[in-house]
Amino acid sequence: MTPEEIQACLAAKFGDAVGPLQPANKDPWVEVKPAALPEVCAFLKADERLRFDCLMNLSAVDWPKQNQIHVVYHLFSYARRHGFILKAKLDRAAPTIPTVEPVWKSADWLEREQFDLLGVQFEGHPDLRRIMMPDDWVGNPLRKDYAEQPQYHQISTTRESPLDGFIRLDEMKKRAAAKAAEEAAKAAPAPAPAASSAATATGAEAPAPKKELPQ
Amino acid sequence: MTEPRRAPESPTMEMTSNKEVLRRIEYTGDMLLNMGPQHPSTHGVINFLVQTDGEVMKRAIPEVGYLHRSIEKIGEKCTYNGFMPYTDRVDYIAAMFANQGWAMAVERLLGVEVPKRAEYCRVIACELNRIASHLISAGTMAMDVGAVTPFPYALREREFINDLLEELCGARLTYNYLRIGGVAFDLPEGYADKVITFVDHFEKILVEFNRLITNNEIFVQRLAGLAAIPREMAIDYCLVGPNLRASGVPFDVRKDLPYSIYPELQFEVPVGRGEMGAVGDAWDRFSVRIAEMKQSCRILRQCIAQIPKGETMAKVPRKIKFTEGLEAYSRIESARGDMQYYVVAGGGENAYRVKVRTGSFTAMGIIDVLSRGLMIADLVALIASLDVVAPEIDR
């Protein structure tokens, strides 16, 4: 089935809880109200025409500008060989959404990952704990405003750059040129004090002809 | 069912300092074993928390994250082209596929058509890489269940492929060969002959390898019927690639959602049939990989015969920029199955969000359920048969 037909199916069954089809560049998606998500997913899996038997991917995207976190569900049906994308928009301050783990078992680990990295709370998840980061890690690394703690168990999370104090070669040449130009500008007015009034008049152009100085 | 025995002053409780970990298992007097994080047969740094009663496991809980290198975060920090070398590190055994997934996702955003010759170069490189990856998988799986000899056999063949890929792109492991819109280098002179020579040689070796281990009576008895994954369970837990096909689902992204030049090529999708035990057992997962190597050889021959002349890079802007919020999704058939990149473009030259969905990650999720009631020694065979690669789990 095409995404349009799938959306029509959902809209007929759930009405307002399912948004219109959004053409986002390549892959069209549909917005679902977070509260209606478990029912919509159960319907998507059970319905004979749709038969979405696999949750392929679950990602969350942090949008501080809109003060939202989007949870994106990529579904696929091995039985019918079609795919579909659901999106749920959550409040950034308290991102909670019902789990879909009872519908698709693969959601277990996929939801844990998003909980860990973006701090999305999946209500009703049987084992919601961090998966990538250590249990006592502070913050959710994939949030856009994530600030790393300076230390983790007395291990510094930053280090001095070994390149500090070194200057790039082209930067060095630029500085040498600037220095030479400055010295030349100082030396130039001394032998010709009479032309000082002319020099001040064309002061802006003065450093320009001295570009041949650096080797 | 017996009542769980309570033993608050047990030495095993005190010996493990990590209270957080212990909290998850209700203490019943069973033995608690840490398998890993440093263990030769976990294929990388993974910890299994094994709750056992004698030799029989009650549960094995995978603890992952030791190799988390925040590749998704890095993807948000560098340019689209700049992220390409990092994708190598997603799966270092089959790095070419991680390259291709990323390249395809960005090409979908750009709407760029990749030149035919570049697509052929990609497929040749990928199929060589698939053989190399499956060789590692088959070799280590045999070694994990106690057959040491096949491993050097497999690695010797993989060395030939490494040499071929080194000649192609200069690297033996982290290739960084693909570019957005094409490939970095054209095939070197005389490369076609070398590939054909290798395929001729390898097809003979494959027969030998089957005689040595695949149909070996001891090996078959060790793996037949072990940890069989039924079809519905495999789909529900989102197993992909050879693991899914071993359970009897004839799905291959190359065939069913064709990309690149795969529609022009003739090949079969091997499926597990339960010849030795049940459908979807560990032996099926092993034999599906062996059969896939044979199909890869077929693909390589066709590619070498059909490769056209022409450009290897499409016209791609030097600075790749998109409007914010554009998104693309790419699916490719990696050596470990369906690999998917979900990219949301940022306003500038960087991606806003990169999500890499890998086969090993979901394969790890099934181990907890499958391990119940297995012997401890079978856990090793189970992990090896799922062909998980630790960096691909953690990313």
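This is a predicted model: local features need pLDDT of at least 70, side-chain atom pairs count only at pLDDT 80 or more; totals for chains, interfaces and linings use all residues.

Trainee: Which helix gives the most to the lining of the second largest cavity?

Mentor: On a 1 Å grid over the protein atoms alone, a cavity is a set of points where a 1.4 Å probe fits but cannot get out, and lining residues have an atom within 4 Å of a point. Helices here are DSSP runs (H or I, at least four residues) and strands likewise (E, at least two), numbered from the N terminus. Helix 7 and helix 8 (191–214) of chain B each supply at least two residues of this lining. The most, four residues, comes from helix 8 of chain B.

Trainee: How much space lies in the second largest cavity?

Mentor: A search of the whole structure finds four cavities of 30 Å³ or more. Grid points are joined across faces, edges and corners, and a volume is the space filled by probe spheres set on the points. For the second largest cavity this space is about 40 Å³.

Trainee: Why is helix 8 of chain B described as roughly antiparallel to helix 13 of chain B?

Mentor: Axes are lines fitted to C-alpha atoms, for helices over the stretch in contact, and angles run from 0 to 180 degrees between N-to-C directions. Helix 8 and helix 13 (residues 282–306) of chain B have axes 10 Å apart and pack at an angle of about 160°. Angles under 35 degrees count as roughly parallel, over 145 as roughly antiparallel, 65 to 115 as roughly perpendicular and the rest as oblique. The angle therefore makes helix 8 of chain B, relative to helix 13 of chain B, roughly antiparallel.

Trainee: Is the crossing of helix 6 of chain B and helix 7 of chain B left-handed or right-handed?

Mentor: Helix 6 (residues 116–144) and helix 7 (residues 150–169) of chain B pack at about 160°, with axes 9 Å apart, and are therefore roughly antiparallel to each other. A crossing is left-handed if the near helix is turned anticlockwise from the far one by less than a right angle, and right-handed if clockwise. Helix 6 of chain B passes helix 7 of chain B in a crossing that is left-handed.

Trainee: Which strand supplies the largest share of the lining of the largest pocket?

Mentor: A pocket is an open set of points with protein on both sides within 12 Å along at least five of seven lines. The largest pocket has a volume of about 490 Å³ and is lined by 22 residues, with D27(A), G83(A), R108(B), Y329(B) and R331(B) nearest its centre. Its lining has 13 nonpolar, four polar and five charged residues. The largest share, four residues, comes from strand 5 of chain A.

Note on methods
Residues are numbered from 1 along each chain as its sequence is written. Chains are lettered from A and ligands numbered from 1 in the order in which they are written. Side-chain values use heavy atoms; hydrogens and water are left out. Ala, Val, Leu, Ile, Met, Phe, Trp, Tyr, Cys and Pro count as nonpolar, Asp, Glu, Lys and Arg as charged, and the others, Gly among them, as polar.
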